[in-house]
Number of protein chains: 2
Amino acid sequence: MRLSLKEAQEITKALKFRDGLVVAVTRDSRTKDVLMVASMNRQAVLKTLTTGMMHYWSVSRRRLWLKGEVSRHYQIVQDVHVDCDGDALVFDVKQVGGACHEGYRSCFYRKVKRGELKETLKKSFKPEEVYRSSRG
Amino acid sequence: MRLSLKEAQEITKALKFRDGLVVAVTRDSRTKDVLMVASMNRQAVLKTLTTGMMHYWSVSRRRLWLKGEVSRHYQIVQDVHVDCDGDALVFDVKQVGGACHEGYRSCFYRKVKRGELKETLKKSFKPEEVYRSSRG
């Protein structure tokens, strides 16, 4: 899914950026599994909507971040949902490789079981082979 | 799902509260639809895990908030997933009634279609009959 800049700007008018940010929940478009949760500023939303590739705002690194820029594990946008308050979006994507910088398909690879956190996924790639110095 | 306070405190040790908050993504446990996205402070996480009922931290009202306290549209916790960074959780819940204060089952009732935001859900309840003065 790719929008024109004008269309993307119209969509952002429905958004309420809090401290400049909205929450992005990124799901596997096929399984509906949540892959990751991250922040987006206005620029990240516009880049994502106009290129069809997930971009986030890295709060810690204070910069725009194309998911896959290092790992080549891109996220290709299929559908975009907006919540009532306009401060959260759900993106359904085709995930290349895995979303998690620790080597899992999803960042949500742990679940509470009998009062403890247990891993529910196996690693699907070796992060040391995919990431050099930074995430992405 | 209900944990003892000690178990819940152990789980919160895996969390990284940023400015005191983590992101909660709440899903329908049956359909995996995302119902809402909200913030939780440590108290909201502990209350949710020990009571099995979703509690959030209202940033605007600066108070703990039991989902359903006004509407009776409670969210009963079935499963809890934690992400790699410990700053986001996915809760699978049984949703009583609807999650959205505007009368929809999910807050994500709008989707980008041909460059525009379109409603994808019909209202499932009348908010004016369910909410008196405040959300919840």
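Good morning. For its 136 residues, a compact globule would have a radius of gyration near 14 Å, and chain A, at 15 Å, agrees with that; the radius is taken over C-alpha atoms, and the globule rule is 2.2 Å times the number of residues to the power 0.38. This is a predicted model, in which local features need pLDDT of at least 70 and side-chain atom pairs count only at pLDDT 80 or more, while totals for chains, interfaces and linings use all residues. Residues are numbered from 1 along each chain as its sequence is written, and chains are lettered from A and ligands numbered from 1 in the order in which they are written.

Let me begin with chain A. Its C-alpha trace spans about 45 × 35 × 30 Å along the principal axes. The chain holds three helices and eight strands, where helices (H or I, at least four residues) and strands (E, at least two) are DSSP runs numbered from the N terminus. In order from that end, the elements read α-β-β-α-β-β-β-β-β-β-α.

How are the two chains related? A rotation of 180° with 0.0 Å of shift along its axis superposes chain B on chain A, with an RMSD of 0.0 Å. That is the relation of a two-fold axis. The superposition is by least squares on the C-alpha atoms of residues with pLDDT of at least 70 in both copies. In chain B, B:Lys32 has the C-alpha nearest the axis, 3.3 Å from it.

Next, the interface. Here 28 residues of chain B are in contact with 28 residues of chain A, contact meaning that C-beta atoms, placed from the backbone, lie within 7 Å. Strand E5 of chain B gives the largest share of chain B's side, four residues. That side has 18 nonpolar, three polar and seven charged residues; Ala, Val, Leu, Ile, Met, Phe, Trp, Tyr, Cys and Pro count as nonpolar, Asp, Glu, Lys and Arg as charged, and the others, Gly among them, as polar.

Strand E7 of chain A, residues 110-113, runs antiparallel to E5(B), and two bridges join them; strands pair if DSSP finds at least two bridges between them. Within this pairing, A:Lys111 stands opposite B:His81.

Finally, one residue deserves a look. Leaving aside neighbours within four places in sequence, A:Val25 is in contact with A:Val34, A:Val37, A:Ala88 and A:Val90, and also with B:Val25, B:Val34 and B:Val37. Thank you.

How values were computed
Two residues are in contact if their C-beta atoms, placed from the backbone, lie within 7 Å.
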